[in-house]
Amino acid sequence: MRKPIIAGNWKMYKTASQAKEFVEKVNGLVPDADKLDSVICAPALYLTQLVDAAGNSALKIGAQTMHDKGEGAFTGEISPVQLADIGVDYVIIGHSERRQYFNETDETVNAKVKSAFSHQLTPILCVGETDEQREAGKLESIVESQVEKAVEGLTDAQIAELVIAYEPIWAIGTGKTATAEDANEACGIVRKKIASLYSEDTAEKVRIQYGGSVKPANIQELLSMEHIDGALVGGASLETESFVQLLEAGSNA
Ligand SMILES: O=C[C@H](O)COP(=O)(O)O
């Protein structure tokens, strides 16, 4: 049985005071860590402050991207060493917005996933197809190829720790959610690919989230699906009330 994981991705939203207030409100309402992994991936500016605000609660803090190198002359970038040093636990890698606007490629995604593991950060690896690719019947080949390239060189033990978020690009921030069946089918494609690259046993361990317009009204159905072990949530993670409802659904899944 895989432990569910609900991760909020705040993207480029919230001021410092709003971020701190959110974590202080949510802290006492986070389900036990043995039932659910609960994560907020915040803008890099606030990570130190939020790690402190979360303290010993079950809420873990994640970054939204990172550089693959530990240090170097990379103006404006943030390294895995720096993230680990301040107590960050997770990092989103290869979000479609990073791939679309910031030149992330399958190769940089692979380098970052490996680097995250080397620095004791848990990567949340994002994959997913565009509307045109789905319409053209390329869902399976696109998702398989993204997964294969992203995990190249990882060990079985690392795959078992990896979180993969399947996010169809057409469902992100649009209010259009994939049906639970479609989301499950795509997450099943991810799991099957891992099984073919590693083993059935390893594929049974990897946690796969669905992302794309997840909200309190649809999370239960999504989480009831065989291959969906959690959610990567944008918009509905910005309000304490909806985020806590998502966590509750996750802890009861
Ligand atoms: O990382 C989160 C996803 O991009 C989903 O965003 P959304 O829940 O606002 O559709």
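Ala, Val, Leu, Ile, Met, Phe, Trp, Tyr, Cys and Pro count as nonpolar, Asp, Glu, Lys and Arg as charged, and the others, Gly among them, as polar. This is a predicted model, in which local features need pLDDT of at least 70 and side-chain atom pairs count only at pLDDT 80 or more, while totals for chains, interfaces and linings use all residues. Residues are numbered from 1 along each chain as its sequence is written, and side-chain values use heavy atoms, with hydrogens and water left out.

Q: How does the lining of the largest pocket divide by class?
A: The lining of the largest pocket has 11 nonpolar, 7 polar and 4 charged residues. Lys-11, Met-12, Gln-64, Arg-98 and Phe-102 lie nearest the centre of this pocket, among 22 lining residues. The pocket holds about 660 Å³ of space, a volume being the space filled by probe spheres set on grid points that are joined across faces, edges and corners.

Q: What makes a space a cavity rather than a pocket?
A: On a 1 Å grid over the protein atoms alone, a cavity is a set of points where a 1.4 Å probe fits but cannot get out, whereas a pocket is an open set with protein on both sides within 12 Å along at least five of seven lines; lining residues have an atom within 4 Å of a point. The structure holds 1 cavity of 30 Å³ or more, and the volume of the largest cavity is about 50 Å³.

Q: Which residues does UniProt list for "active site", and why are they said to gather at one spot?
A: The unreviewed UniProt entry lists His-95 and Glu-167. They span 73 residues in sequence, yet no two of their C-alpha atoms are more than 8.6 Å apart, so they gather at one spot. Both His-95 and Glu-167 belong to the lining of the largest cavity. UniProt annotations may be inferred rather than shown by experiment; feature names are shortened and positions follow the numbering used here.

Q: Why is His-95 called buried?
A: Buried means under 20% relative accessible area, exposed over 50%, and partly exposed in between (1.4 Å probe, protein chains only). His-95 has a relative accessible area of 4%, and is therefore buried. Glu-167, at 5% relative accessibility, also counts as buried.

Q: With which residues is His-95 in contact?
A: Contact means heavy atoms within 4.5 Å. Leaving aside neighbours within four places in sequence, His-95 is in contact with Asn-9, Lys-11, Cys-126, Glu-167 and Ile-172.

Q: Why is Lys-11 called buried?
A: The relative accessible area of Lys-11 is 19%, so this residue is buried.

Q: What is the distance from the backbone nitrogen of Lys-11 to a polar atom of the side chain of Asn-9?
A: The distance is 3.0 Å. A polar contact is a pair of N or O atoms within 3.5 Å; within protein, one must be able to donate a hydrogen and the other to accept it, and residues adjacent in sequence count only if both atoms are side-chain atoms.
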